[in-house]
Amino acid sequence: GPPADHTTQNNTGTYLFLEASSPRQPGDVARLVSEAFPSAAGMCLSFWYHMYGRNMGTLRMVLHETGARARIPLWEVTGDQGNQWLQGQIPIASSSSFQIYVEGVRGPSYRSDIAIDDIQYTLTACQMMPADATPATPTGTVPTTPAFTGPTPTPGPFDCDFESGLCGWLQLTDDDFNWRRHQGVTGTGSTGPSADHTTGNGYYIYIEATGQSANRTARIMSPLVAPAARNCLQFWYHMYGDDVGTLNVYIQVANLMGDPLWTRSGTSGDRWLLAQIPVAGLTMYSVVLEGVRGNGFRGDIAVDDIAMLTGDCPPVVVTPSPSAPPTSVTCSFESDFICGYQQSQQDDFDWTRGSSGTGTTNTGPSTDHTLGTNAGYYMYIETS
């Protein structure tokens with residue numbers, strides 16, 4: 001096994017590993033299952049692995065298409081690779097939604113610990129690394145994924161300002177309570193909006209924190225969205241109060257939801273804020289909004305004016321309310337067009353568009369601000 005993780009290269013970091021000591025037996029398999037990803041082409045799975053020990057076993061990566069029993073071998077390395085972290089890369093392409101299985105196979109003795117660290121799934125093409133990684137031979141049975149319970153989404157109008165109802169959005173039944181359609185102030189002081197975003201006198205949806213306990217969830221699901229290479233999910237949200245919890249956005253493909261595509265926690269002040277999230281999918285999907293109740297009753301969370309735009313998320317002029325003047329022009333840097341910004345020729349070096357962490361440890365952000373996940377992008381200066 002490794003003396004330290006790959007990320008920090010010291011004792012403060014963490015990694016995942018397969019412990020080969022007793023009671024493990026030769027050939028035992030440890031399997032790590034990823035979230036569900038939408039269909040993709042030209043993507044890349046990148047990771048770092050450590051396989052040091054004279055009786056080393058096998059590390060393999062297998063693609064499992066959602067709703068199928070087929071296991072597609074992607075990558076496999078066997079045997080002692082030395083006391084070092086090595087980078088692995090796998091080009092990913094799938095015509096349907098899928099999950100990645102990371103499988104570690106115990107070698108003939110206890111000297112076969114296998115470790116992995118810094119796994120990334122990016123929207124860029126890459127080459128197989130190492131080039132001679134042998135395609136895996138699947139072993140064992142495919143673990144089942146818990147089925148989604150609740151209403152089944154159908155094609156319909158996605159955009160909704162909630163002035164005339166929920167527009168085909170469905171309250172889910174695998175949560176703890178429901179979103180409410182409301183006009184005006186909420187029932188609790190010092191939390192929630194005083195008016196909707198659309199007109200200042202209309203309707204919005206929100207979660208009422210009073211009467212609920214901490215960490216209880218409310219979920220609402222969109223109609224099905226047709227496949228598109230590039231879409232932009234746009235909505236306005238209001239998170240005001242000392243006890244505000246979390247607002248999560250998920251993409252549901254078939255019956256599976258992975259980790260949140262976008263997340264926000266805590267109070268953002270008594271104001272409506274714009275969220276824009278790039279979404280790509282070559283199969284039908286739905287959007288799920290999840291409100292998580294915080295630690296107290298002053299934790300109402302509201303959403304209004306949801307829309308699915310075609311193409312990249314555009315730079316927008318932010319108008320906090322219908323009567324207020326424009327305040328700023330925003331760019332989230334989710335598109336490689338970077339909203340028309342250009343690198344100056346009158347400086348010493350260029351800004352870099354990045355996602356997840358920067359290329360140097362112990363400096364820079366770990367995620368972007370827009371999405372709060374590894375899928376989002378930002379601009380930074382690389383000083384190495």
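1. Ground rules. The model is predicted: local features need pLDDT of at least 70, side-chain atom pairs count only at pLDDT 80 or more, and totals for chains, interfaces and linings use all residues. Residues are numbered from 1 along each chain as its sequence is written, and side-chain values use heavy atoms, with hydrogens and water left out.

2. The main core. Start with the largest nonpolar core, which has 33 residues. A nonpolar core is a set of buried Ala, Val, Leu, Ile, Met, Phe, Trp, Tyr and Cys residues joined through side-chain atoms within 4.5 Å. Buried means under 20% relative accessible area, exposed over 50%, partly exposed in between (1.4 Å probe, protein chains only). L233, F235 and V287 have the most contacts inside this core. Strands that each supply at least two of its residues include β13 (228-239), β17 (273-281) and β18 (285-292). Strands here are DSSP runs of E, at least two residues, numbered from the N terminus.

3. An open sheet. Four strands form an open sheet in the order β2-β7-β4-β5, with antiparallel pairing. Two strands pair if DSSP finds at least two bridges between them. β2 (29-33) and β5 (71-78) stand at the edges with a single partner strand each, so one side of each has no neighbour in the sheet. Strand β4 (residues 58-65) is joined to β5 by seven bridges. T58 stands opposite T78 in β5.

4. The largest pocket. This pocket holds about 1500 Å³ of space. A pocket is an open set of points on a 1 Å grid over the protein atoms alone, where a 1.4 Å probe fits, with protein on both sides within 12 Å along at least five of seven lines; lining residues have an atom within 4 Å of a point. The lining has 50 residues, and F37, Y121, L123, L261 and A375 lie nearest the centre. Strands that each supply at least two lining residues include β2, β3 (40-51), β7 (98-105) and β8 (114-122).

5. L273. This residue is found in strand β17. L273 is buried, with a relative accessible area of 18%. L273 and F235 are 38 residues apart in sequence, yet 8.4 Å apart in space, C-alpha to C-alpha. Not counting residues up to four places away in sequence, L273 touches F235, W236, Y237 and S268.

Methods. Grid points are joined across faces, edges and corners, and a volume is the space filled by probe spheres set on the points. Contact means heavy atoms within 4.5 Å.
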